[in-house]
Amino acid sequence: MTKILAFVGMPASGKSEAASVMRQEGITVINMGDVIREEVVRRGLEPTDANTGGVGSDLREKEGRDAVAKRCIPKIQATNEDFIGIDGVRSVPEVERFKEAFGSDFTLVSVDSPLEIRFERVLARKRSDDMKDISELKVRDERELGWGMGEAMEVADVVVENNGTLDEFRDRILALVQ
């Protein structure tokens, strides 16, 4: 069976950094946002926050709240690896879908970080679908909370605080991986 360490958290909380730590340890990571970005491209849309969010909402509305998880499971199984990371769980139905597929080998980690720190990170990372001011981050937070992110964070098996230095956070993630 494949052991899964999946990350949930608000935008820019540190999920991608946690995934990066796993990759540096030689662990494959499936990014749930990439599944949505692939669909944005397939639909011929620009990769803006509005389009990415709209496609994410559309997939969940048409295919169920676990739509992205369902699309990730074959990718995970195709890796045929003993340990996999998942970046970007958004809802309890996704958690349930992963637990159904992987049972007790699935561990959900909530990454917690305050709004102001998250916005500083958004400005620093310069992704095409990122927000330009804190009010846009709040809008994105509300959209993702509407998908059930808050409930998913509440059912996490582990909570990792990310409000200190990058090295402190990386050490916390390494402790989970080793």
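Q: Which elements do the buried residues of helix α4 pack against?
A: Heads-up: this is a predicted model, where local features need pLDDT of at least 70 and side-chain atom pairs count only at pLDDT 80 or more, while totals for chains, interfaces and linings use all residues. Residues are numbered from 1 along each chain as its sequence is written, and side-chain values use heavy atoms, leaving out hydrogens and water. Helices (H or I, at least four residues) and strands (E, at least two) are DSSP runs, numbered from the N terminus, and contact means heavy atoms within 4.5 Å. On that basis, the buried residues of α4 pack against β1 (3-8), β2 (28-31), α2 (32-42), α3 (49-63), β3 (83-89) and α5 (92-102).

Q: Which residues of α4 are buried?
A: Buried means under 20% relative accessible area, with over 50% called exposed and anything in between partly exposed (1.4 Å probe, protein chains only). Helix α4 covers residues 67-79. Its buried residues are A67, V68, A69, C72, I73 and I76.

Q: Is α3 roughly parallel or roughly perpendicular to α4?
A: Angles under 35 degrees count as roughly parallel, over 145 as roughly antiparallel, 65 to 115 as roughly perpendicular and the rest as oblique. The axes of α3 and α4 come within 8 Å and cross at roughly 90 degrees. So α3 is, relative to α4, roughly perpendicular.

Q: What is the word for how α1 sits relative to α9?
A: Helix α1 (residues 15-24) packs on helix α9 (residues 166-177) with axes 9 Å apart, at an angle of about 60 degrees. That angle makes α1, relative to α9, oblique.

Q: Which residues of α9 does α1 meet?
A: The α1 side of this meeting is E17, A18, V21 and M22. The α9 side is L166, F169, R170, I173, L174 and V177.

Q: What is the relative accessible area of S91?
A: S91 belongs to the loop between β3 and α5. Beyond its neighbours within four places in sequence, S91 is in contact with R65, W147, G148 and A152. S91 is buried, and its relative accessible area is 1%.

Terms used
Axes are lines fitted to C-alpha atoms, for helices over the stretch in contact, and angles run from 0 to 180 degrees between N-to-C directions.
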